[in-house]
Amino acid sequence: MMMKTFAVTMALLMAGPSVASSDTPDSSFVRLHALDLLDGILTKDQTVTLQLLAHQTAIANVCNGFTVDDGKFQKSFDTLAASNSDKMSDVQKDYFDKHLLVSFGILVGGEMAAIGKDPAGACKAAAEEKSNKDFANVMVWK
């Protein structure tokens, strides 16, 4: 199966930020590239959050019955602020924000590539993820 269930994904993500929801070589390369761009910028928890947001965004773009809740997404994305933002100039904050958005886009692209290998399987796995109440606090789907 191209996509692991959400519970396995969460366990793997918590074990290390280089692992995410899909296991294709192409998506792994893309994911690692995006995470390399963020090395030392985000905490481990923030990296996991970013990957989960990318995964859920990609699923919502491919699978029927999945929509991203803008409010939940924004609240979750806001947790990705730089920890030292109070010491950053406006130019540095702007660069950080743009860098984060580019990295998010790369991660979504990697997820979309993985989903493209088996869309039906990915959507089925996502339905299982969505019904898992243990992870409701990290879900941004409606």
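**The disulfide in its setting**

Guide: Gladly, and let me begin with the setting. In this predicted model, 42% of the 142 residues of the protein chain count as buried. The secondary structure consists of six helices and zero strands, so that, by DSSP runs, the pattern along the sequence reads α-α-α-α-α-α.

Now to the part you asked about. With a cut-off of 2.5 Å between cysteine sulfur atoms, the count is one disulfide. Its partners are C63 and C123, with an S to S distance of 2.0 Å. Where do C63 and C123 lie? C63 belongs to the loop between α3 (44-62) and α4 (70-78), while C123 is in helix α6 (residues 119-131), so the pair ties together parts that are 60 residues apart in sequence. A disulfide is a covalent bond between the sulfur atoms of two cysteines.

Two details complete the close-up. The handedness follows from the torsion: about the S-S bond of C63 and C123 it is about -90°, and therefore the disulfide is left-handed. Is C63 buried or exposed? C63 has a relative accessible area of 4%; because buried means under 20%, C63 counts as buried.

Definitions and conventions. Residues are numbered from 1 along each chain as its sequence is written. This is a predicted model: local features need pLDDT of at least 70, side-chain atom pairs count only at pLDDT 80 or more; totals for chains, interfaces and linings use all residues. Side-chain values use heavy atoms; hydrogens and water are left out. Helices (H or I, at least four residues) and strands (E, at least two) are DSSP runs, numbered from the N terminus. Buried means under 20% relative accessible area, exposed over 50%, partly exposed in between (1.4 Å probe, protein chains only).
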